[in-house]
Amino acid sequence: MENTVSCFGLTKMYNSFTALDNVSLELPSEKIIGLLGPNGSGKTTFLKLLAGVLQPTAGSVNICGMSPSLETKKIVSYLPERQYFDTGLKVDYYLSLFDDFYEDFDIRCAEGMIHDLGVDPHAKIRTLSKGMIEKVQLALVMSRRAKLYLLDEPLGGVDPASREYILKNILSGYTPHATLIISTHMIRDVEDILDGYIFLGGGHVIGSGDAREAKEKNGTTLDEMFREVFRCY
């Protein structure tokens, strides 16, 4: 199985602060991987480096054998933690924008998701709740036929009923042969769909591996493992 992501000695510093320190990982295709860690652990920085939003201070990262560039942006679908919409524009404007900008965007798929999630495509962004905006962003990102999906806290403001739909029908039904990385604090909600996990703390990889094997070996849930590992952080 090919690796979608390979990084070696990946380091990112902001002035004198080290956000990510000498991270080396290989992440295969066809896997859903949880990027798990407390606030300030380097999760968002790691995703931004993979997305090509930031440049590393040291080390390297490769997406399907390529360094982050315009070419990798064509195969990486990135959901940032903060919403980026112009609140005066309508939902259907962004549907058209993504359709024009991304060759791999499936507008019919996005329209279906938005309908199922109860969002009015003719509504202006400013009239939507935080949870509704997150639904729109997620529908747009997951309607691309990408090789790598990077989701930074995709479920934080989403109501429980919609969260269940998202987990069962959107995140579990992503493009075959792709890799999906989910950064989240809601481990209990997502752990059943995770194939692998990465525990990130203080910019370092504290642990990683197969989620099911780890749970069987430790006789506990991934959420309980997380709480034990980061008890002192």
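Ile 170 touches Met 113, Leu 117, Met 142 and Tyr 165, with residues up to four places away in sequence not counted; contact here means heavy atoms within 4.5 Å. Ile 170 is found in helix H6. Helices (H or I, at least four residues) and strands (E, at least two) are DSSP runs, numbered from the N terminus. At 2% relative accessibility, Ile 170 counts as buried. The classes of accessibility are buried (under 20% relative accessible area), exposed (over 50%) and partly exposed (in between), with a 1.4 Å probe and protein chains only.

The model is predicted: local features need pLDDT of at least 70, side-chain atom pairs count only at pLDDT 80 or more, and totals for chains, interfaces and linings use all residues. Residues are numbered from 1 along each chain as its sequence is written, and side-chain values use heavy atoms, with hydrogens and water left out.

Helix H6 (residues 160-171) packs with helix H5 (residues 130-142): their axes come within 12 Å and cross at roughly 5°. Axes are lines fitted to C-alpha atoms, for helices over the stretch in contact, and angles run from 0 to 180 degrees between N-to-C directions. H5 and H6 are therefore roughly parallel to each other. Angles under 35 degrees count as roughly parallel, over 145 as roughly antiparallel, 65 to 115 as roughly perpendicular and the rest as oblique. H5 contributes Lys 135, Leu 138 and Met 142 to the contact. H6 contributes Ser 162, Ile 166, Ile 170 and Leu 171. By class, this contact has 5 nonpolar, 1 polar and 1 charged residues. Nonpolar covers Ala, Val, Leu, Ile, Met, Phe, Trp, Tyr, Cys and Pro; charged covers Asp, Glu, Lys and Arg; the others, Gly among them, are polar.

Val 136 also lies in helix H5. At 1% relative accessibility, Val 136 counts as buried. Beyond its neighbours within four places in sequence, Val 136 is in contact with Phe 85, Val 91, Val 119 and Leu 128. Val 136 and Ala 146 are 10 residues apart along the chain, and their C-alpha atoms are separated by 18 Å.

The largest nonpolar core holds 51 residues. Such a core is a set of buried Ala, Val, Leu, Ile, Met, Phe, Trp, Tyr and Cys residues joined through side-chain atoms within 4.5 Å. Met 142, Leu 151, Leu 171, Leu 180 and Leu 222 touch the most other members. H5 gives the most to this core, with 7 residues. Apart from this core lies another, of 25 residues, among them Cys 7, Leu 54, Ile 181 and Leu 200. Leu 222 is in contact with Leu 36, Ile 187, Glu 191, Leu 194, Tyr 197, Phe 199, Ala 211 and Lys 215, leaving aside neighbours within four places in sequence.

Two loop residues have a positive phi. Cys 64 has phi near 50°, a positive value in a residue other than glycine. Cys 64 sits in the loop between strand S4 (58-63) and helix H2 (70-73). With a relative accessible area of 35%, Cys 64 is partly exposed. Glu 153 is not a glycine either, yet has a positive phi of about 50°. The place of Glu 153 is the loop between strand S6 (148-152) and H6. Glu 153 counts as buried, at 12% relative accessibility.

Asp 159 is likewise in the loop between S6 and H6. Asp 159 is partly exposed, with a relative accessible area of 32%. Asp 159 and Met 132 are 27 residues apart in sequence and 9.2 Å apart in space, C-alpha to C-alpha. Arg 212 is in helix H8 (residues 211-218). At 62% relative accessibility, Arg 212 counts as exposed.The protein as a whole has 9 helices and 9 strands. Its C-alpha atoms fill a box of roughly 45 × 40 × 35 Å, taken along the principal axes. The radius of gyration is 17 Å, which agrees with the value near 17 Å for a compact globule of 233 residues. This radius is taken over C-alpha atoms, and the globule rule is 2.2 Å times the number of residues to the power 0.38. Buried residues make up 49% of the 233 residues. Of the contacts with a separation of 6 or more, 69% are between residues 24 or more positions apart.
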